[in-house]
Amino acid sequence: MHIQDFKNIFFIGIAGTGMSAIAQYLAGTSVKVSGSDRYFRPDVINDTRIKLELAGIQCYLQDGSGITGATDLVVASTAVEDTVPEIIKARSLQIPIMKRSEVLALIAESKKTIAIGGTSGKSTTSAMLFDILTTAGLSPSIISGAGLISIIKTGRIGNAMNGKGEWLIIEADESDGSIIQYKPEIGIVLNIDKDHQEINELISIFSTFSHNTKENFIVNHANIISRHLSRGSMYDFSGNPEDNCSYVPEDFQQNGMSIQFSVQHVPFFIKTVGRHNMENALAAIAAAAAVGVSLETSAEALKNYEGIYRRHQVIGQHSNIVLIDDYAHNPVKCAASIKACQPISPKVIAWFQPHGYTPTRFLKDDFIKEISEALRDEDEIWMSEIFYAGGTTQKNISANDLIQGIKANGKKAFFVEDRKDFFNTVKVHLTGHIVLLLMGARDPGLEGFASEVWNNLQQLPVP
């Protein structure tokens, strides 16, 4: 089976980040693409739908009307259940149904692929590598889990681009185990931390990914788990200068909203924050080197890196308060996000909305530990209730359980059940120089929430 075998593909759940990226990529080839989503409503403006249709993708309500006898493949996101009208209709017409990851694997087989794996940093590393290969004149393609600001500025969603070159950059997702389906020319493991599965399960998944990689397998030696998967590649990297790797940093500094360091005496300056983003950059630099791109070219590209949507995205600054929106959603990511904001201001007030009752229950102790250790005495963590996306689950845990655990560790922790009440409750805490950090994932309403906070913030009187 080859991706070229299909000429008319329909996506169920097309507004999702992963689905929309693949749909846009295929629409940029010779494939006719259409799709539906539960968030599409009659006479309601939907920005994602508008941008998909501008890319030549016909969008429908999730009522089965978009699937016809001409449809030769239906792609369903993992959130789509068997009772959805499109699934029922596709089966009645005997149209094959595939998961997103299976289609991405077929696409990856059609190109020379760099697959980026790890429990954190995939989207950022993909974006950095895309910028490097573009600057090097290689005209890469990308299918990403987040929108690149540089592409968003052109009016697109920003998470996909069809280049004329031979290289394709993809994110290899471990959360559903689909990473084992990819057989890339170059595979990267950024890190392995407890997230959706226990560590032993993750090690097994990433080990298979290692064996499936055809040429260069690149590993972050700074992560104590991923380093054990190393094949001793000349392109291995580490954020710890003392590690015996080819790509390590020297003289790391964070000055406000930018970081700088050098690699093999070549200086790098990037408009982003945190040591974790330095490691993401090292991964991109090492992968680019494996393709034949010089360190000097990588440095020139990253100097102009504009970031990606909702990854430490600065919404704005009002007086002494900087508002930052971030996709952090697992314990290590939340801790790293908080730490990255600390050099900016003497006080960080972080708000977090966990997503899913099952993953929150699974990671409860890790959230309490990681966030507690990240917070300084003057910092604060606020949480609103867990985001529920539907389906069957036991609602026997609350975000307040995490707050109480963090508070028991002597940290400043607050629970405000409904996020609509967050700003009015927190505003008395907004004194002095502060970073107000918003964290959360999966909830499509988070972008609107960040806008609401920003609008409310601008109404505060300037001291």
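## Cysteines

By the rule used here (a disulfide is a pair of cysteine sulfur atoms within 2.5 Å), the count comes to zero disulfides. Take C334: its sulfur is 11 Å from the closest cysteine sulfur, in C341, so the two are too far apart for a bond. C334 is also buried, with a relative accessible area of 0%, and C59 is buried too, at 2%. Here, buried means under 20% relative accessible area and exposed means over 50%, with partly exposed in between (1.4 Å probe, protein chains only).

This is a predicted model, in which local features need pLDDT of at least 70 and side-chain atom pairs count only at pLDDT 80 or more, while totals for chains, interfaces and linings use all residues. Residues are numbered from 1 along each chain as its sequence is written, and side-chain values use heavy atoms, leaving out hydrogens and water.

Find E171 in strand β9, residues 167-171. Helices (H or I, at least four residues) and strands (E, at least two) are DSSP runs, numbered from the N terminus.

The side chain of E171 does make polar contacts, with the side chain of S123 at 2.7 Å and with that of S144 at 3.1 Å. A polar contact is a pair of N or O atoms within 3.5 Å; within protein, one must be able to donate a hydrogen and the other to accept it, and residues adjacent in sequence count only if both atoms are side-chain atoms.

## Helices α10 and α12

Helix α10 (residues 331-341) is mostly covered, with eight of its 11 residues buried. Among them are C334 and C341. The buried residues of α10 pack against several elements, including α8, β17 and α12, where contact means heavy atoms within 4.5 Å.

In α12, the buried residues are F367, I368, I371, S372 and A374. They fall within an arc of 160° seen down the helix axis, so they line one face of α12; the arc is that of the directions from the helix axis to the C-beta atoms. The face turned away carries the exposed residues D365 and E373.
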